[in-house]
Amino acid sequence: MGWVPVGHKRRVKRYATIATLFLTLVLVAIQFVPVRRTNRLGAGYPDSSSEVQWILRRACYDCHSTETRWPIWAYVAPMSWLVVRDVDRAREILNFSDWAAYGHRRRVALRTMVGPVTAGHRMPLWYYLTLHPDARLSDRDLATLEAWSRDAAAEPPGADGSSADPGVSRSR
Ligand code: HEC
């Protein structure tokens, strides 16, 4: 190999092969980095109409709940790192599965934010929508969320008060 001068083309080809091998090795190696895709039963969801429930579950729950339906790419690094990071951050701010454990003020504040962030198309995140077209919000969905959000003061008392186990059956 080395003692005969290699042509430019062959050298480029050899580098390309080495680079491909290296990249493959890296991609295989990073699969062993542990990723925590957690899920668990929460304290209880918002005591809202079943229509609001349906929209939140369809468009928000994959990130803002502990009932995430992990997509197939959430099992392949490095995409898995991005997905899990988004979900962790989203749950920290707003976790609908733990709604019943939130205090009244936090619920009212979060519920108030839902209308503006959806009306302004900030949520669901746009790249999530490209991969989950079923999460797209129709004008009717937006209006339903907007009304629920505007009515935030009607939120029942927090975890310390009543309504510890709200359910869809008690929809208003
Ligand atoms: C793909 C994951 C994902 C989906 C789906 C999603 N969110 Fe978020 N959400 C986030 C992340 C991550 C944040 C943290 C702040 C940020 O990055 O903007 C966030 C933040 C928020 C906040 C806090 C205010 C803010 O903008 O920081 C609200 C309210 C919110 N989301 C509501 C919703 C609602 C309502 C839905 C469904 C219609 C939804 N989100 C769908 C990931 C998501």
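Trainee: Where is His-121 found?
Mentor: This is a predicted model, in which local features need pLDDT of at least 70, side-chain atom pairs count only at pLDDT 80 or more, and totals for chains, interfaces and linings use all residues. Residues are numbered from 1 along each chain as its sequence is written. Helices (H or I, at least four residues) and strands (E, at least two) are DSSP runs, numbered from the N terminus. His-121 is in the loop between H4 and H5.

Trainee: Does His-121 count as buried or exposed?
Mentor: Count the C-beta atoms, placed from the backbone, within 10 Å of the residue's own: 20 or more others make it buried, 12 or fewer exposed, and anything in between partly exposed. His-121 has 12 such neighbours, so it counts as exposed.

Trainee: What is the phi of His-121?
Mentor: His-121 is not a glycine. Even so, its phi is positive, at about 55 degrees.

Trainee: What is omega for the cis bond between Ala-77 and Pro-78?
Mentor: Pro-78 sits in the loop between H2 (50-59) and H3 (79-93). A cis peptide bond joins Ala-77 to Pro-78, and omega is about 5 degrees.

Trainee: Which helix gives the most to the shell around the ligand?
Mentor: 20 residues surround the ligand, and Met-123 is among the closest. The elements giving two or more are H3 and H4. With five residues, the most comes from H4.

Trainee: How many residues in that shell are charged?
Mentor: Ala, Val, Leu, Ile, Met, Phe, Trp, Tyr, Cys and Pro count as nonpolar, Asp, Glu, Lys and Arg as charged, and the others, Gly among them, as polar. The shell has 14 nonpolar and two polar residues. Its charged residues number four.

Trainee: Why are H4 and H6 called roughly antiparallel?
Mentor: Axes are lines fitted to C-alpha atoms, for helices over the stretch in contact, and angles between N-to-C directions run from 0 to 180 degrees. Under 35 degrees is roughly parallel, over 145 roughly antiparallel, 65 to 115 roughly perpendicular, and the rest oblique. H4 and H6 (139-150) have axes 7 Å apart, at about 150 degrees. Therefore the pair is roughly antiparallel.

How values were computed
Near = placed C-beta within 6 Å.
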